[in-house]
Amino acid sequence: MAIYHMQAKVVSRGSGRSAVAASAYMSCSRMYNDYDGIQHDYTRKQGLIYQEVMLPPMAPLEWNDREQLWNAVEENEKTKDSRLAREFVVALPVELDKDSNISLLQNFIQKNFVDMGMCADFAIHDKGDGNPHAHILLTLRAMDEHGKWLPKARKVYDLDENGERIRLPSGNWKCHKENTVDWNDQKYAEVWRHSWETITNRYLEAAGRPERVDLRSFERQGIQQIPT
């Protein structure tokens, strides 16, 4: 039976991480972070067998260079506790060869992330120890048609029963913030995990393998919540 494992976490400055460092680590490369002036060098790290950046149509073409992509993200986030990216780590079926696992990932990432407007940076690691896996790094902000970042949330005024704005004692209007995109909605945890299971089983079947991803294994060790 194929091993099923999917872990998700948010790359945040508040936890001492940077998107540039996360990308450099998974791509086993050297990258400079303009935000804090730190160079991250993982060129000695072993096990990288494939890496790729996948972009939606509105993203600037220069973001095919992951260093430019993640520095653009870092530049746009101003606070010391900013959320910078979402990272997935997924186990790849040992029953599939390298090309099949690359195609599997491209299919999953395109359908679930890039088609929704996210930029995706991914890499496959395999040291030949029976643990092939992939790191997927995703942007958190939506973009407009010109490739400009949009706010993560917008101000929405609360209305009374007559549809009028509510004035607070301070004189300000009562309001709240709503996310401009709902990628943090918990429904996507279910959508993404089922998509990974379905696509993986399709590739295993096409390869003539009887093994199948076990969703019950996910319940024990996979993501239960999408970190926000």
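**Overall make-up**

Five helices and nine strands make up the chain, where helices (H or I, at least four residues) and strands (E, at least two) are DSSP runs numbered from the N terminus. In sequence order these elements follow the pattern β-α-β-β-β-α-β-α-β-β-β-β-α-α. The model is predicted, so that local features need pLDDT of at least 70 and side-chain atom pairs count only at pLDDT 80 or more, while totals for chains, interfaces and linings use all residues. Residues are numbered from 1 along each chain as its sequence is written, and side-chain values use heavy atoms, with hydrogens and water left out.

Of the 228 residues in the chain, 47% are buried, a term that means under 20% relative accessible area, with exposed meaning over 50% and partly exposed lying in between (1.4 Å probe, protein chains only). Among contacts between residues at least 6 apart in sequence, 67% join residues at least 24 apart, contact meaning heavy atoms within 4.5 Å.

**Helix H1 and its partner**

Helix H1 (residues 19-27) packs with helix H2 (residues 66-76) at an angle of about 155 degrees, their axes being 8 Å apart; axes are lines fitted to C-alpha atoms, for helices over the stretch in contact, and angles run from 0 to 180 degrees between N-to-C directions. H1 and H2 are therefore roughly antiparallel to each other, on a scale where angles under 35 degrees count as roughly parallel, over 145 as roughly antiparallel, 65 to 115 as roughly perpendicular and the rest as oblique. In this contact Ala 19, Val 20, Ser 23 and Ser 27 of H1 meet Arg 66, Trp 70, Asn 71 and Glu 74 of H2. These residues divide into three nonpolar, three polar and two charged, with Ala, Val, Leu, Ile, Met, Phe, Trp, Tyr, Cys and Pro counted as nonpolar, Asp, Glu, Lys and Arg as charged, and the others, Gly among them, as polar.

H1 is mostly covered, since eight of its nine residues are buried, including Ala 21, Ala 22, Ala 24 and Met 26. In the loop between H1 and strand E2 (30-33) lies Cys 28, which has a positive phi of about 50 degrees although it is not a glycine. With a relative accessibility of 11%, Cys 28 counts as buried.

Helix H4 (residues 187-206) has 20 residues and reaches 29 Å from its first C-alpha to its last, close to the 28 Å expected at 1.5 Å a residue, the expected span being 1.5 Å times one less than the number of residues. Just after H4, Gly 208 takes a positive phi of about 75 degrees.

H3 and H4 pack at an angle of about 145 degrees, with their axes 10 Å apart. Among the residues that meet are Leu 104, Leu 105 and Phe 108 in H3 and Trp 192, Trp 196 and Ile 199 in H4. The residues of this contact divide into eight nonpolar, six polar and two charged. Trp 192, Trp 196 and Ile 199 are also among the buried residues of H4.

Which residues does Leu 92 touch, not counting those up to four places away in sequence? They are Asn 101, Leu 105, Ile 124, Pro 132, His 133, Ala 134 and Trp 196. Leu 92 itself is found in the loop between strand E5 (83-91) and helix H3 (98-112), and is buried, with a relative accessible area of 5%. Although Leu 92 and His 133 are 41 residues apart in sequence, they are 5.0 Å apart in space, C-alpha to C-alpha.
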